Amino acid sequence: MTERTEAATAAGTPFVGREAELNQLVRALGETAQRRGCVALVGGEPGIGKSRLADQLAIRARHAGMRAFVGHCWEGAGAPAYWPWVQVFRTIIRTTDDAALRKQLGAGAADIAQMVVGLRETLGDLPAAAEVESESARFQLFDSATTFLRRAAQASPLLIIIDDLHAADMPTILYLRFVASQLADVPIMVVCTFREMELAADQALATAVGEIARQPGTLSLSLDGLGEPSVRQLIEATVGVSPRSNLVKAIVQETGGNPLFLGEAVRLLAAEGRLREVATGQALGLPLPAGIRDVIIRRVRHLPAET
């Protein structure tokens with residue numbers, strides 16, 4: 001289950017308890033519109049609401065006249081290099097008229113076609129580009145791709161969301177590092193979501209993302225479970241019931257305030273008519289839904305063997 005799938009599972013759960021984090025991102029978005037771009041790293045456990053937070057930011061970006069694009073990292077095998085960036089570039093290319101696209105691509109079109117294979121079909125004949133095996137050829141690709149983003153952002157500021165960064169291949173991370181170093185005077189904001197535990201399990205990936213986090217202007221957010229006031233608000237919005245304090249405490253205790261777990265628990269209790277039966281200190285005794293079981297299995301895989 002990817003973070004995006006988890007977000008879909010919790011699609012019926014109201015967006016609550018993330019006002020502070022969303023405000024931080026919105027402020028950064030405002031600075032981006034003033035040509036002070038940045039990278040925002042949003043981490044947390046599965047189901048904690050990383051993608052949901054990014055989705056809310058995208059809604060606000062579009063309302064502000066920005067363009068928002070999303071690239072999802074693929075957790076299975078077989079994805080090409082730069083896969084989330086390929087998705088972003090494809091969408092920009094598809095939504096840009098031909099004349100503007102050719103101007104934005106400029107002399108780097110052949111380089112970018114190495115990353116976005118379908119670009120050759122869109123533009124017709126392109127000169128051959130150098131293989132991306134050498135360091136100099138890779139730098140040329142990165143420079144051409146970033147120049148394209150810069151020119152695209154001149155039309156309107158860009159928000160780029162890279163989802164599930166913990167599943168990224170190293171070329172994707174290397175290009176992210178390059179882009180992060182070029183945003184100081186560009187109206188582009190890049191938001192990356194990732195599962196902290198899974199990212200930490202990959203030393204090379206964790207090191208590369210750590211270097212991005214240390215760059216000036218990078219915003220790092222780590223999402224925790226929701227507190228009791230937000231859980232109360234979520235229950236009221238989900239099922240229209242004002243919960244007793246002991247129920248709120250019991251739900252927070254058993255779910256850790258994880259929005260995905262919370263949504264499942266509240267809907268299950270409501271369906272069974274049990275929202276008013278919990279006594280002080282009483283466990284809820286909830287069965288484990290299949291979607292939640294998958295998330296827990298993912299957590300357990302990254303625990304030390306002795307645990």
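This is a predicted model: local features need pLDDT of at least 70, side-chain atom pairs count only at pLDDT 80 or more; totals for chains, interfaces and linings use all residues.

Student: What makes S2 and S3 a pair?

Tutor: Pairing requires at least two bridges found by DSSP between two strands. Six bridges join S2 to S3 (residues 158–163), so the two strands pair. Strands here are DSSP runs of E with at least two residues, and helices are runs of H or I with at least four, numbered from the N terminus.

Student: Why are S2 and S5 called edge strands?

Tutor: The open sheet has five strands in the order S2-S3-S4-S1-S5, with parallel pairing. S2 (67–72) and S5 (219–222) each pair on one side only. The twist from one strand to the next averages 15°.

Student: How do you know that H8 packs on the sheet?

Tutor: Helix H8 touches S2, S3 and S4 (188–195), where contact means heavy atoms within 4.5 Å. The direction of H8 makes about 130° with that of S3; such angles run from 0 to 180 degrees between N-to-C directions, and axes are lines fitted to C-alpha atoms, for helices over the stretch in contact.

Student: Why are H5 and H8 called oblique?

Tutor: Helix H5 (residues 98–105) and H8 pack at about 135°, with axes 8 Å apart. Angles under 35 degrees count as roughly parallel, over 145 as roughly antiparallel, 65 to 115 as roughly perpendicular and the rest as oblique. The pair H5 and H8 is therefore oblique. The contact involves Leu-101, Lys-103, Gln-104 and Leu-105 of H5, together with Phe-148, Arg-151 and Ala-152 of H8.

Student: What makes H12 and H13 roughly perpendicular?

Tutor: H12 (residues 228–239) and H13 (residues 245–255) pack at an angle of about 105°, their axes being 10 Å apart. H12 and H13 are therefore roughly perpendicular to each other. Among the contact residues are Val-231 and Ile-235 of H12 and Val-248 and Val-252 of H13.

Student: How are the residues at this contact of H12 with H13 divided by class?

Tutor: Five are nonpolar, one is polar and three are charged. Ala, Val, Leu, Ile, Met, Phe, Trp, Tyr, Cys and Pro count as nonpolar, Asp, Glu, Lys and Arg as charged, and the others, Gly among them, as polar.

Note on methods: Residues are numbered from 1 along each chain as its sequence is written. Side-chain values use heavy atoms; hydrogens and water are left out.
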